[in-house]
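Welcome! Take a moment to look over the sequence and the 3D view, and then read on for a short tour.

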Amino acid sequence: MAKLPPFPGTNGRRDWRTALDAIRKLLANGDDTTQVFRIMRALNVGNTAMNYGKFIATAEGGRMAYERVELAQRLVDKDYVAQFAPGTVGAAYRHFLETTGYSADGLAEVSKINREEDMLHPYAWFGRRIRDTHDIWHVLTGYKADESLGEAALVAFSFGQVGGLGWALIGSAAALKSLRVTGNTLFAKAVWEGYRHGRKAKWIAGEDYEQLLHEPIDAARARLGIPTPVAYLHAQRALGAEMASYLSAPKEKAGDAAAERLAA
């Protein structure tokens with residue numbers, strides 16, 4: 001496959017200073033989603049071009065790139081989301097939106113610190129596509145979005161799927177800090193499992209999501225090769241809600257011992 005040119009206006013160099021500043025802030029406050037996009041911009045140099053090249057190398061990917069549907073516009077349309085039959089990926093996504101209060105346009109708004117996001121360029125469109133389907137990946141994998149453990153596991157899964165050192169840094173840093181915060185390896189093992197599952201699964205970034213949302217969720221998981229995340233579910237049960245969400249647990253509501261560990 002021919003190597004595609006880099007994103008216009010970029011020099012191909014990774015900005016480790018920005019990435020390390022952002023990861024420090026993210027580990028201090030797991031709810032600061034802005035830092036995720038700072039890290040992505042600083043470290044995922046050349047990643048979008050690589051994945052876009054893979055995408056358009058397939059017949060379906062070429063068609064979707066030509067049509068250039070903006071998935072966020074579909075996913076914020078309540079009538080569009082309401083159409084999916086029970087048991088489908090779309091119905092599970094609808095339930096996700098209802099129970100978490102998250103939205104595709106909310107994620108899009110946070111990501112706008114990256115000036116490239118809204119560019120009229122194929123790479124920018126593909127980057128938005130990855131961003132806008134993040135919560136669908138939560139639904140497919142079973143990793144909770146409102147929980148540090150679930151986000152870290154999905155970040156690792158994403159690294160296994162699409163590469164990018166930004167994903168690797170976030171997942172690794174969260175797993176390493178968890179060893180100290182939780183006092184065991186359960187969180188880290190769940191993150192490692194996420195990476196392994198991402199490596200083994202079919203390349204989900206190349207899916208036609210408008211069709212996938214109509215597919216029965218169990219059938220979709222089987223077709224895509226996404227297994228039950230055993231280590232994740234075990235860690236979730238064993239750690240409990242507080243430690244599974246240690247990155248964003250409010251210190252003032254935690255017990256004295258837990259507060260000390262979170263602040264460390």
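## Aromatic rings

Rings of Phe, Tyr and Trp (its six-membered ring) count as a pair if their centres lie within 6.5 Å. Keep in mind that this is a predicted model. In it, Phe7, Tyr52, Phe55, Tyr123, Trp125 and Phe126 come together as one aromatic cluster.

The structure as a whole contains 14 aromatic pairs. One of them joins Trp125 and Phe126 in a tilted arrangement, with 6.5 Å from centre to centre and 55° between the planes. Trp125 and Phe126 are both buried. Another tilted pair is made by Trp192 and Tyr195, at 5.3 Å centre to centre and with 35° between the planes. These two residues sit 3 residues apart in helix H13 (residues 186-200), so about one helical turn separates them. Trp192 is exposed, at 52% relative accessible area, while Tyr195 is partly exposed, at 22%.

## Helix H1 and its charged side chains

Helix H1 covers residues 16-28, and Trp16 belongs to it. With a relative accessibility of 42%, Trp16 is partly exposed. Together with Leu20 and Leu165, Trp16 forms a nonpolar surface patch of about 280 Å² accessible area.

Side chains of opposite charge can pair when their charged atoms come close. Asp21 has a salt bridge to Arg24 (2.9 Å, N to O) and a salt bridge to Lys25 (3.3 Å, N to O). Arg24 is 3 residues from Asp21 in H1, and Lys25 is 4 residues from Asp21, about one helical turn in each case. An α-helix has 3.6 residues a turn, so residues three or four places apart point the same way. As for accessibility, Asp21 is partly exposed at 23%, Lys25 is partly exposed at 34%, and Arg24 is exposed at 52%.

How many salt bridges does a search of the whole structure find? The search finds 13. Among them is the one between Glu207 and Lys202, whose closest N and O atoms are 3.3 Å apart. Glu207 is buried, at 8% relative accessible area, whereas Lys202 is partly exposed, at 42%. Shared partners also link Asp21, Arg24, Lys25 and Arg38 into one salt-bridge network.

## Helix H11

Helix H11 (residues 148-162) has 15 residues, which should span 21 Å at 1.5 Å a residue; its end C-alpha atoms are 21 Å apart, in agreement. Of those 15 residues, 13 are buried, so H11 is largely enclosed by the rest of the structure. Just after H11 comes Gly163, with a positive phi of about 70°.

Terms used: Residues are numbered from 1 along each chain as its sequence is written. This is a predicted model: local features need pLDDT of at least 70, side-chain atom pairs count only at pLDDT 80 or more; totals for chains, interfaces and linings use all residues. Side-chain values use heavy atoms; hydrogens and water are left out. Rings of Phe, Tyr and Trp (its six-membered ring) pair if their centres lie within 6.5 Å; planes under 30 degrees apart count as stacked, over 60 as edge-to-face and the rest as tilted. Buried means under 20% relative accessible area, exposed over 50%, partly exposed in between (1.4 Å probe, protein chains only). Patches are made of residues with over 30% relative accessible area and no salt bridge: like charges are joined within 9 Å, nonpolar side chains (Val, Leu, Ile, Met, Phe, Trp, Tyr) within 5 Å. Accessible areas come from the Shrake-Rupley method with a 1.4 Å probe; for residues, only the protein chains shown count as cover. A salt bridge is a side-chain nitrogen of Lys or Arg within 4 Å of a carboxyl oxygen of Asp or Glu. The expected span of a helix is 1.5 Å times one less than its number of residues.
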